[in-house]
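Subject: Structure handover

Hello,

Here is the structure I promised to pass on. Please open it beside this email and follow along as you read.

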Amino acid sequence: MLSAKSVFQEILDDDESFRLFCSVAASGEAQGGWENGRIAALVPESLRDLAPKIARHGADEDKHGRIFNALLSKRDLEPMEVPREADYTMLLEARGIGLAHDKLRRDEPLTEHDIVIYLAHSRVTEQRASAQMVMLRRYFGDHPDLGRAVRMIAEDEDNHLAYCHEELLRLAAAGYGRTIQRALRETALVEMEVYRDVSLAVMAHMGHVLGWPKPKSALFAAGIHALHRYERLGGWRRMVSLRMPERRNALGGPAQSGSGAPEAPEAPEAPEFV
């Protein structure tokens with residue numbers, strides 16, 4: 001019987017599919033680390049209190065990239081070039097989601113509006129990342145090789161999502177409510193399309209590597225399209241609602257140090273905002 005766990009197990013058991021999986025993940029995390037690092041350096045003076053949290057976010061993403069590369073190294077595998085059609089972060093940027101890399105490469109301070117856009121983008125993409133890690137933690141949290149890495153990354157993603165909720169609510173209370181609502185909705189609608197396209201591309205590559213028969217590949221594609229339809233019909237709302245998290249000041253401390261190898265791991269009250 002096909003299940004998410006059996007599919008992931010099949011991917012993990014084959015060197016080439018595992019190499020693709022880790023390479024895609026490491027590339028996205030490294031890109032996120034660079035973006036957050038640049039944003040932290042360019043935060044406007046009026047929001048300088050956010051800079052350490054954004055830097056912590058970037059440091060976590062860098063760590064995740066190192067973790068995925070360490071998992072490859074443990075199996076004597078090298079990272080591979082990520083197919084363009086499977087590059088989630090770059091496809092989002094190409095669709096105008098988040099802050100343009102051209103802007104981040106300049107040494108010019110960002111605006112408060114830029115930070116709102118950054119946080120809205122992060123809130124949507126971190127929801128996706130958190131959901132994926134919940135699934136991986138459920139299936140592989142006790143895996144002898146992957147378990148510690150999965151648990152560490154899942155904990156970080158939960159912190160990132162809590163941070164986005166809290167800071168967006170703080171900015172909404174400061175008068176950015178309408179801008180935040182609009183940015184969240186626009187980001188979510190595009191992200192759903194990009195996620196669908198990337199999922200189809202990754203599964204196509206996996207199917208080729210693993211020699212899946214056409215009916216099996218067609219079944220996976222149908223499932224991806226079904227998820228997209230569900231999100232279009234209303235599932236997207238989970239990606240744009242805001243509620244004060246139980247974890248307050250989730251990124252207020254220093255980033256955890258370490259090599260990234262799998263062996264290594266107060267804001268004001270606000271009402272729910274949709």
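Start with Lys 74. Lys 74 counts as partly exposed, because its relative accessibility is 44%. Keep in mind that this is a predicted model. Lys 74 has a salt-bridge partner, Asp 145, and their closest N and O atoms are 3.6 Å apart. Lys 74 sits in helix 3, while Asp 145 sits in the loop between helix 6 (112-140) and helix 7 (147-210), so the bridge ties together parts that are 71 residues apart in sequence. Asp 145 is partly exposed as well, because its relative accessibility is 40%.

**Helix 3 and what follows**

Does the length of helix 3 fit its residue count, or what should the span be at 1.5 Å a residue? Helix 3 covers residues 51-74, which is 24 residues, so it should span 34 Å. Its end C-alpha atoms are 34 Å apart, which agrees.

After helix 3 comes Asp 76, with a positive phi near 60 degrees. Asp 76 is not a glycine, yet its phi is positive, at about 60 degrees. Find Asp 76 in the loop between helix 3 and helix 4 (88-94). Asp 76 counts as exposed, because its relative accessibility is 73%.

Asn 249 is another case. Its phi is positive too, about 50 degrees, and it is not a glycine. Look for Asn 249 in the segment after helix 8. Asn 249 counts as partly exposed, because its relative accessibility is 31%.

Lys 103 and Asp 114 meet through their side chains, at 3.1 Å from N to O. Lys 103 is in helix 5 (residues 101-105) and Asp 114 is in helix 6, so this pair ties together parts that are eleven residues apart in sequence. Are the two partners buried or exposed? Lys 103 counts as partly exposed, because its relative accessibility is 28%. Asp 114 counts as buried, because its value is 7%.

Next, go to Arg 128 and Glu 231. Their salt bridge has its closest N and O atoms 2.8 Å apart. Arg 128 lies in helix 6 and Glu 231 in helix 8 (residues 214-233), so the pair ties together parts that are 103 residues apart in sequence. Arg 128 is buried, with a relative accessible area of 6%. Glu 231 is buried too, because its relative accessibility is 1%.

Some bridges share partners. One network of this kind joins Asp 49, Lys 53, Glu 167 and Arg 170.

Glu 167 is buried, with a relative accessible area of 2%. What does Glu 167 touch, leaving aside neighbours within four places in sequence? Its contacts are Leu 50, Lys 53 and Leu 119.

Now return to Glu 231 in helix 8. Leaving aside neighbours within four places in sequence, Glu 231 is in contact with Arg 128, Met 192, Trp 236 and Arg 238. Arg 66 is elsewhere: Glu 231 and Arg 66 are 165 residues apart in sequence, and 32 Å apart from C-alpha to C-alpha.

**Helix 1 against helix 2**

Last, a helix pair. Two packed helices are described by the angle between their axes and the distance between the axes. Helix 1 (residues 4-13) packs on helix 2 (residues 15-42) at an angle of about 105 degrees, and their axes are 5 Å apart. Angles of 65 to 115 degrees count as roughly perpendicular, so helix 1 and helix 2 are roughly perpendicular to each other.

Which residues meet there? Helix 1 brings Phe 8, Glu 10, Ile 11, Leu 12 and Asp 13. Helix 2 brings Asp 15, Ser 17, Phe 18 and Phe 21. By class, the contact has five nonpolar, one polar and three charged residues.

Best wishes

Methods: Residues numbered from 1 in each chain as written. Predicted model: local features only at pLDDT ≥ 70, side-chain atom pairs only at ≥ 80, totals over all residues. Heavy atoms only, no water. Helix = DSSP H or I, 4+ residues; strand = E, 2+ residues; numbered from the N terminus. Expected span 1.5 Å × (residues − 1). Salt bridge = Lys/Arg side-chain N within 4 Å of Asp/Glu carboxyl O. Buried < 20%, exposed > 50% of the residue type's maximum accessible area, 1.4 Å probe, protein only. Axes fitted to C-alpha atoms, helices over the stretch in contact; angles between N-to-C directions. Parallel < 35°, antiparallel > 145°, perpendicular 65-115°, else oblique. Contact = heavy atoms within 4.5 Å. Nonpolar A, V, L, I, M, F, W, Y, C, P; charged D, E, K, R; others polar.
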